[in-house]
Amino acid sequence: MPRAFLVVIDSVGIGGAPDADRFFNGDLPDTGANTLAHIAAECAAGRAEAGRSGPLHLPTMDGMGAAIRIASGTDAGLPNHPTGLHGAATEVSPGKDTPSGHWEIAGVPVPWDWHYFPDTQPAFPPDLTAQVCKLAGTKGILGNCHASGTAILADLGAEHMRTGWPICYTSADSVFQIAAHEETFGLDRLLDLCQAVAPLVHAMKVGRVIARPFVGTPEAGFTRTQNRHDYAIAPPSPTLCDWAQAAGRRVHAVGKIGDIFSMRGIDKVRKGTDAQLMQHLSDLVDQAEDGSLTFANFVEFDSLYGHRRDVSGYARHLEWFDSELAKLLPRLRDGDLLLITADHGNDPTWSGTDHTRERTPVLGYGVGKRDIGNVMFTDIAASIAAHLGIPAQGPGKSFL
């Protein structure tokens with residue numbers, strides 16, 4: 001039986017979203033945001049030279065240039081000689097966040113409007129704050145605002161260690177984040193707190209509670225660890241993962257996929273840094289069972305480079321991923337399909353620090369060269385299901 005590998009390169013948007021004017025970074029609409037095209041332009045202009053040099057070089061993902069042209073009509077300066085499947089995908093869910101993008105890629109558009117906390121201080125309603133304090137066993141919380149995850153540690157890490165109060169903050173996403181020191185507050189205590197808070201905010205249609213553990217000292221500075229954990233609201237109906245599992249297929253999750261789908265339809269999870277996730281994906285190319293689905297997310301494009309508006313770092317990571325992909329593709333078995341896409345944009349040249357509303361690339365390996373044009377996110381799930389020979393339950397249509 002054929003296998004499928006669905007790989008999300010988190011936040012690698014390619015512009016062209018038809019509703020970008022409805023989504024904002026601060027007061028600026030996302031109209032014109034184009035993560036990949038703008039990175040390529042900065043590289044070509046010699047303005048992305050930290051740790052790399054010259055034009056953006058993605059020889060393995062040779063369909064990216066064509067995908068950008070399909071999505072936004074932009075000549076990004078990338079080669080336009082694709083050898084595999086290539087196209088662009090459009091999202092309809094009313095969000096530019098992780099759950100919205102991944103659920104829709106897996107066949108389930110979000111049927112509601114997410115709740116977003118206002119960019120005020122305090123950001124959270126008093127009754128929610130009181131409940132968090134009760135669950136944490138503290139007299140208060142720190143933060144209670146919109147903030148960058150790294151900046152708020154620098155601002156409040158020392159006070160957190162002194163008081164023991166959890167640092168609670170949000171962003172333009174539908175999210176409630178809790179940061180705490182792994183040693184002085186305790187990792188298990190933080191995870192238990194986030195698990196207890198999750199049902200409270202899920203009832204408000206807030207998408208995720210994220211545990212943000214960190215280590216360090218006021219003197220040496222604070223660093224977030226790899227023990228992040230997302231407590232996401234469950235998808236409203238069965239996703240591609242459920243379809244595959246119901247058909248008796250094994251479903252392997254690489255990265256934060258298990259968290260995003262609340263472990264529904266997931267058999268086994270592998271986590272780590274992006275470098276470790278690439279090794280996990282490599283192992284699964286060799287070892288995954290016939291008929292299985294491997295669903296992977298590489299988050300560092302977004303978390304380390306997009307939000308931090310680091311163009312050079314983003315370009316380096318794209319080139320690293322491309323070179324690693326070149327090692328994987330020759331080892332695919334006959335009949336395997338590997339699809340690469342993204343869940344939203346995060347243009348590092350754009351105003352603000354939040355995601356950008358964009359179309360995303362769809363690149364395929366194992367099914368020959370074909371131009372699929374503009375498709376919907378849900379068509380990705382339908383296509384994976386068709387390839388695996390399992391029933392699809394969502395609104396998408398296969399492009400295979």
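Mentor: Let us start with the lining of the largest pocket, where β8 makes the largest share with three residues. This is a predicted model, in which local features need pLDDT of at least 70 and side-chain atom pairs count only at pLDDT 80 or more, while totals for chains, interfaces and linings use all residues. Residues are numbered from 1 along each chain as its sequence is written, and side-chain values use heavy atoms, with hydrogens and water left out.

Trainee: How much space lies in the largest pocket, and which residues are closest to its centre?

Mentor: A pocket is an open set of points on a 1 Å grid over the protein atoms alone where a 1.4 Å probe fits, with protein on both sides within 12 Å along at least five of seven lines, and lining residues have an atom within 4 Å of a point. Here the largest pocket holds about 780 Å³, and among its 39 lining residues S171, A172, D173, H307 and D354 are the closest to the centre.

Trainee: Which helices and strands supply at least two residues each to that lining?

Mentor: Helices (H or I, at least four residues) and strands (E, at least two) are DSSP runs numbered from the N terminus. At least two residues each come from β2 (24-25), α5 (149-163), β6 (167-170), β7 (175-181), β8 (208-217) and α10 (300-306). Taking domain bounds from an automatic or database assignment, domain 1 (4-111 + 236-388) and domain 2 (126-232) each give at least three residues to the lining of the largest pocket.

Trainee: How many nonpolar, polar and charged residues are in the lining of the largest pocket?

Mentor: With Ala, Val, Leu, Ile, Met, Phe, Trp, Tyr, Cys and Pro counted as nonpolar, Asp, Glu, Lys and Arg as charged, and the others, Gly among them, as polar, the lining of the largest pocket has nine nonpolar, 17 polar and 13 charged residues.

Trainee: Where does UniProt place the feature "binding site"?

Mentor: An annotation of this kind may be inferred rather than shown by experiment, and here the unreviewed UniProt entry places "binding site" at D302, H307 and H355. These positions are spread over 54 residues of sequence yet cluster in space, with a largest C-alpha distance of 8.4 Å. D302, H307 and H355 are also part of the lining of the largest pocket.

Trainee: Are D302 and H355 buried or exposed?

Mentor: Buried means under 20% relative accessible area, exposed over 50%, and partly exposed in between (1.4 Å probe, protein chains only). D302, in helix α10, is buried at a relative accessible area of 5%, and H355, in the loop between β14 (337-341) and β15 (360-365), is buried at 2%.

Trainee: Which residues is D302 in contact with, and which does H355 touch?

Mentor: Contact means heavy atoms within 4.5 Å. Leaving aside neighbours within four places in sequence, D302 is in contact with D10, S11, H307, H344, N346 and H355, whereas the residues that H355 touches, with those up to four places away again not counted, include N25, D30, K96, D97, D173 and D302.

Trainee: Why does the second largest pocket lie between domain 1 and domain 2?

Mentor: The second largest pocket lies between domain 1 and domain 2 because both give residues to its lining. About 600 Å³ of space lies in the second largest pocket, and of its 27 lining residues R212, T225, Q226, R228 and V299 lie nearest the centre.

Key
Grid points are joined across faces, edges and corners, and a volume is the space filled by probe spheres set on the points.
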